[in-house]
Structure formats: structure tokens, C-alpha cells
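Here are my notes on this model, point by point. Please keep the structure open while reading.

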Amino acid sequence: MIQRTFSIIKPDATGRNLEGKILARIQDAGLNVVAMKKIRMTQEQAEGFYHVHKERPFFQSLVEFMTSGPVVCSVLEGENAIENYRAIMGATNPADAAEGTIRKEFAENIEANSVHGSDAPETAEYEINYFFNHLEITG
């Protein structure tokens, strides 16, 4: 099933100029980038995007981290895109991530774990629409 998912290359990765290496991994796995932009999230944007975590103890730290530098937001499309991208990313905690995954190779720690990806079709739709309008998405 062809579907779309949302991806963020986080500030720890953009700060080390890893965008190209991460995007190559994504494309080599058969996912197509159908929209992409590099932005610097405002505090308001980060708080809105991560609102589901608002009551969690790590919320403020997460917002500070995600606003600490530029991020690359993209819409990925391909066969079972959500599941496939999550497999390419690896476990949230890089210590638990499988060899060959983005987080195993590039993440610095559980928070600075280089990438974000949607976890379900409903989440993907919300996240894509949060950062992109339909005119910005090709394919």
C-alpha cells in the first residue's frame, strides 16, 4: 500500500551536516521525498507539534531542543511508508536501535536522536498538515 509519512531531521543531525546522509538512507530504502523544507521551529510551533506530550516531564526539554537549531521537515511516500521509515529510523533510544539504522549510526542520545517519524496514518496526516499545505507536496 502506497502511503505518506512525515519526517524531521532534528537539530543534532542538521548541526553536524548529516541531512544528505540521512536523506540518502531514506531514498535508498525506496521512499520518495515528495516535499521538503528546512526551517527553524519557533517555540510556539514546537509546543503545538508536540502537544500530545505536554504533560510529560520531558516536554519543555524537547521543545528547547527542537528550537535549538534548524530542522528538515519532509513528506515521504512509498510502499508502507510509515512502517518502513520507522524501521529505517530504529528505536527511539539509540542504545536499543538495530545496527544499520539512522539512530544507531547518528543519534547522540534518546532526545538528540537525529530523526522523527510518524507512528500511525492519523499521526502522519496531522504532522504533514502541520508543516505543509497541499500545494507544497508533489507526487
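1. UniProt positions are given in the numbering used here, feature names are shortened, and annotations may be inferred rather than shown by experiment. The model is predicted: local features need pLDDT of at least 70, side-chain atom pairs count only at pLDDT 80 or more, and totals for chains, interfaces and linings use all residues. Residues are numbered from 1 along each chain as its sequence is written, and side-chain values use heavy atoms, without hydrogens and water.

2. An unreviewed UniProt entry places "binding site" at Lys10, Phe58, Arg86, Thr92, Arg103 and Asn113. From this set, the lining of the largest pocket takes in Lys10, Phe58, Arg86, Thr92, Arg103 and Asn113. A pocket here is an open set of points on a 1 Å grid over the protein atoms alone, where a 1.4 Å probe fits, with protein on both sides within 12 Å along at least five of seven lines; lining residues have an atom within 4 Å of a point.

3. The largest pocket holds about 550 Å³ of space. That volume is the space filled by probe spheres set on the points, with grid points joined across faces, edges and corners. Its lining has 24 residues; Lys10, Tyr50, His53, Leu62 and His116 lie nearest the centre.

4. Helix 5 (81-89), strand 4 (115-117) and helix 7 (121-131) each supply at least two lining residues. Helices (H or I, at least four residues) and strands (E, at least two) are DSSP runs, numbered from the N terminus.

5. The "active site" annotation, also from an unreviewed UniProt entry, covers His116. His116 sits in strand 4. His116 is buried, at 13% relative accessible area. The classes: buried is under 20%, exposed over 50%, partly exposed in between (1.4 Å probe, protein chains only). Leaving aside neighbours within four places in sequence, the contacts of His116 include Lys10, Tyr50, Arg103 and Glu127. Contact means heavy atoms within 4.5 Å.

6. Compare two annotated loop residues. Asn113 lies between helix 6 (102-106) and strand 4 and is buried, at 2%. Phe58 lies between helix 3 (43-49) and helix 4 (59-66) and is partly exposed, at 35%.

7. The largest nonpolar core has 22 residues, with Phe6, Ile8 and Phe132 among those with the most contacts inside it. Helix 4 gives the largest share of this core, 5 residues. Such a core is a set of buried Ala, Val, Leu, Ile, Met, Phe, Trp, Tyr and Cys residues joined through side-chain atoms within 4.5 Å.
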